[in-house]
Amino acid sequence: MIRPEAFVIVPVKAFHGAKRRLAPVLGTVERAALARAMLADVLAAAVGAVGARQVLVVTGDDEVADEARGVGVGVVDDEGAHGTNAAVKIGFAAVARRGGGAVLALPGDVPGVIPGDLAALFAAAQRMQVALAPAPEDGGTNALACDAVGRIAPCFGPDSFARHIAAANAAGIRPAVLLNQRLGLDLDEPHHLQAFLERSTPSRTDGYLRGLELGARNHMSAASAGAAGIGPREGAAAREAHG
């Protein structure tokens with residue numbers, strides 16, 4: 001059972017301009033809509049795990065803040081934080097001010113997550129002090145749970161999983177590692193979209209992506225690009241220009 005003082009922290013940048021690495025297949029407006037859908041799914045899982053009052057979105061964007069308040073979760077101003085780690089630290093400080101204990105930092109782009117995944121991370125952190133869910137493809141970390149604020153500093157970014165392990169070891173902690181396919185898949189690259197759709201989740205993100213008919217679009221884009229004598233990069237630029 002999750003302790004009542006457990007909090008989930010979700011650092012979120014602006015929807016506009018999000019997910020630039022998906023530009024080869026999605027235009028600016030589509031990427032913004034995808035970011036919104038993914039956040040909705042992540043917040044639904046977090047609320048299902050700990051309740052709306054225990055979920056804090058850390059952001060400096062008014063649109064994101066409105067989306068968060070619309071589902072009843074708390075909003076913490078990121079104070080112009082540069083990067084995920086700075087935003088997570090602000091979230092952790094907000095938890096400490098509220099007298100909270102266990103914390104879980106979760107990105108807003110793992111739309112396959114379910115409440116049980118977060119419950120498992122909290123339970124593992126309660127046993128081992130720190131629990132991690134790695135992103136196996138790129139060596140990143142898609143969730144960090146601690147039994148108390150300040151147990152270790154967040155180390156998100158390139159190769160963050162190894163750096164989180166090192167930070168825990170330096171604090172005398174042997175962290176729990178949860179290999180979880182739902183948490184392990186963040187939607188950063190074009191091939192992640194198809195991998196996500198193959199799982200057929202009952203998520204808002206799944207519904208949005210299916211509505212885009214990406215398979216047909218990719219086929220038509222490739223054929224049109226070949227006929228026009230342009231490459232994938234130019235084709236992506238054309239989609240970007242049309243939003």
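Which residues in α1 meet Pro115, Leu118 and Phe122 in α4?

1. In this predicted model, local features need pLDDT of at least 70 and side-chain atom pairs count only at pLDDT 80 or more, while totals for chains, interfaces and linings use all residues. Residues are numbered from 1 along each chain as its sequence is written, and side-chain values use heavy atoms, with hydrogens and water left out.

2. The residues of α1 that meet Pro115, Leu118 and Phe122 in α4 are Ala45, Ala46, Gly48, Ala49 and Val50, where contact means heavy atoms within 4.5 Å. The residues of this contact of α1 with α4 divide into 7 nonpolar, 1 polar and no charged (Ala, Val, Leu, Ile, Met, Phe, Trp, Tyr, Cys and Pro count as nonpolar, Asp, Glu, Lys and Arg as charged, and the others, Gly among them, as polar).

3. Helix α1 (residues 28-50) and helix α4 (residues 115-128) have axes that come within 8 Å and cross at roughly 55 degrees, which makes α1 oblique to α4 (under 35 degrees counts as roughly parallel, over 145 as roughly antiparallel, 65 to 115 as roughly perpendicular and the rest as oblique). Axes are lines fitted to C-alpha atoms, for helices over the stretch in contact, with angles from 0 to 180 degrees between N-to-C directions.

4. For helix α7 (residues 190-197) and helix α8 (residues 204-212), the axes come within 10 Å and cross at roughly 115 degrees, and the two helices are therefore roughly perpendicular to each other.

5. Leu193, Phe196 and Leu197 in α7 meet Thr205, Asp206, Leu209 and Arg210 in α8, and the residues of this contact divide into 4 nonpolar, 1 polar and 2 charged.

Terms used
Helices (H or I, at least four residues) and strands (E, at least two) are DSSP runs, numbered from the N terminus.
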